[in-house]
Amino acid sequence: MTGDRQVIIAGAGPTGLLLACELRLAGVDTLVLERRAARGTHTKAMALHARSIEQLAMRGLAAPLLAHGVRLPTWHFGFLAQRIDFTVLDSPYPFVLSYPQERTEAVLEERARELGATIVRGRAVTGVAEDADGVTVSTDSESIRAAWVVGADGAGSAVRTSAGIVFEGIAPSFHSYLGDVMADNPPPPGFAVVNEAGAMMVAPMPGGVYRIAGYDPMHQEPGRREITMDELRDIIARIAGADFGIHDPRWLSRFDNTTRVAASYRRGRILLAGDAAHMHFPAGGVGLNLGLQDAMNLGWKLASVVHGTAAPSLLDSYDAERRPWGADVARHTMAQTALITATGPEGLALRELFSTMITDHPAVSLSIARRLSALDVHYPAAPDAHPLTGTRVAELGEHLSSGEAVLVTDDPTMRADGARVVPGAIGGARAALVRPDGYVGWAA
């Protein structure tokens with residue numbers, strides 16, 4: 001493999017694959033390097049939230065997920081007894097969609113290849129070095145030149161490490177268990193429990209599989225390892241009082257609560273996205289979603305810089321817009337871990353109080369639902385900007401499918417460079433320029 005590439009992406013997980021789709025939609029030469037020889041078979045992340053589905057729908061990518069996923073109208077926050085109601089969200093997708101990560105990756109990889117992205121598996125990126133003319137990407141077999149490099153290569157990112165970007169946060173303090181299994185006697189929908197024996201939630205997935213995950217104080221030996229079915233049965237029986245008749249495991253694992261956010265999402269020609277930029281306990285199922293939204297924000301900006309229609313300084317806005325939301329997710333997942341591991345008398349009392357507040361104050365439930373679903377994500381605007389600037393647009397039908405900006409206006413004479421004109425109005429504005437990622441760039 002020779003010659004310079006416009007963009008190299010390290011990592012073919014959901015973030016890297018969606019970013020490849022976005023860059024190829026804009027005509028950017030894109031090479032994806034993935035250390036795994038084949039796509040993973042484990043479920044891993046299984047929750048898709050409303051804003052991610054909205055953005056995937058903008059590109060015509062949501063249909064297969066919606067057709068085969070399980071729609072969950074309520075979701076947990078810290079395994080509290082009172083579930084969070086998602087049906088009240090102001091979105092076309094007022095639910096959490098349970099859909100395995102490996103299937104999401106398959107949809108995104110197929111689309112990236114259709115658009116012309118080059119995806120090379122079994123090729124690990126081991127380091128990057130920037131100079132005045134570009135970036136040299138070292139792999140386990142060769143070095144490749146690129147104008148820009150994006151590290152979407154996970155929490156242990158070689159791109160981030162070799163670029164010298166600090167990964168700030170907290171070290172692990174406990175381990176959690178996880179089993180994706182079949183169950184002859186599953187608990188009722190929305191099952192979650194926290195008591196003196198530990199914590200557990202159960203979530204349905206497509207194909208009759210159930211995810212069972214939580215915190216077991218008796219199994220806190222250090223190190224990442226698989227658990228056995230016998231261990232999982234014992235954990236379930238102790239915490240829930242019955243083993244649900246589990247069998248046929250799809251994936252058994254342990255994971256910890258390490259929480260970190262990169263000190264910067266950009267260093268020169270090197271950028272970070274997804275788990276390479278942020279890692280946290282998977283409470284609320286928001287991690288995959290955070291990475292997909294990184295890709296949508298970064299894609300059109302990087303394409304504009306590559307094509308010379310925007311200055312490289314535009315990429316500073318990627319860090320300014322996305323890193324605060326990475327930090328926000330880190331905070332609310334840490335809050336959830338405090339609730340999940342609150343198995344003593346004082347902690348259980350706190351959990352009961354918090355559940356009562358959610359029950360008695362619907363605005364609290366709505367606020368949490370909007371935070372988990374990322375519907376409250378907004379981006380900074382100038383002090384004198386129209387109030388719509390930086391806010392989300394739920395959907396524009398097929399008008400954003402090409403990845404171009406869209407000018408929504410009731411003035412038939414109005415135009416904006418590089419934007420398609422769509423008749424209509426958003427939020428009462430005479431005109432609103434909607435960015436390719438579905439956020440208002442300016443309004444009048």
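Predicted model: local features only at pLDDT ≥ 70, side-chain atom pairs only at ≥ 80, totals over all residues.

Trainee: Take Phe-174 and Tyr-215. What kind of pair is that?

Mentor: Edge-to-face. The ring centres are 5.5 Å apart and the planes stand at 80°, and over 60 degrees counts as edge-to-face.

Trainee: Where do Phe-174 and Tyr-215 lie?

Mentor: Phe-174 is in the loop between β12 (167-170) and β13 (175-183). Tyr-215 is in strand β16 (residues 210-215). So the pair ties together parts that are 41 residues apart in sequence.

Trainee: Buried or exposed, for Phe-174? And Tyr-215?

Mentor: Phe-174 is buried, at 6% relative accessible area. Tyr-215 is at 12%, so Tyr-215 counts as buried; the cut-off is under 20%.

Trainee: What about Phe-174 and Phe-281, how are those rings arranged?

Mentor: Tilted. The distance is 5.3 Å centre to centre, with 55° between the planes. Phe-281 sits in the loop between β21 (278-279) and α7 (287-306), so this pair ties together parts that are 107 residues apart in sequence. Phe-281 is buried, as is Phe-174.

Trainee: Which residues do ring pairs link into a cluster?

Mentor: Phe-174, Tyr-215, Phe-255 and Phe-281.

Trainee: Switching to charges. Which ring does the charged end of Arg-51 sit over?

Mentor: Tyr-439, at 4.5 Å from the ring centre. Arg-160 has its charged end over the ring of Phe-167, 3.7 Å from the centre.

Trainee: Now sheets. What is the order in the open sheet of three strands?

Mentor: β3-β7-β4, with antiparallel pairing.

Trainee: How many bridges join β4 and β7?

Mentor: Three, in the antiparallel sense. Val-70 stands opposite Ser-98 in β7.

Trainee: Zoom out. How many helices and strands are in the chain?

Mentor: Ten helices and 25 strands. The radius of gyration is 22 Å, close to the 22 Å from the globule rule for 444 residues, so the chain is as compact as a globular protein of that length.

Trainee: And what share of the residues is buried?

Mentor: 56% of the 444 count as buried. The chain exposes about 17,300 Å², and carbon and sulfur atoms supply 54% of that.

Key: Residues numbered from 1 in each chain as written. Heavy atoms only, no water. Phe/Tyr/Trp six-rings, centres within 6.5 Å; stacked < 30°, edge-to-face > 60°. Helix = DSSP H or I, 4+ residues; strand = E, 2+ residues; numbered from the N terminus. Buried < 20%, exposed > 50% of the residue type's maximum accessible area, 1.4 Å probe, protein only. Lys NZ or Arg CZ within 6 Å of the ring centre and 35° of its normal. Pairing = 2+ DSSP bridges. Rg over C-alpha atoms; globule rule 2.2 N^0.38 Å. Areas by Shrake-Rupley, 256 points an atom, 1.4 Å probe, with all protein chains shown as cover.
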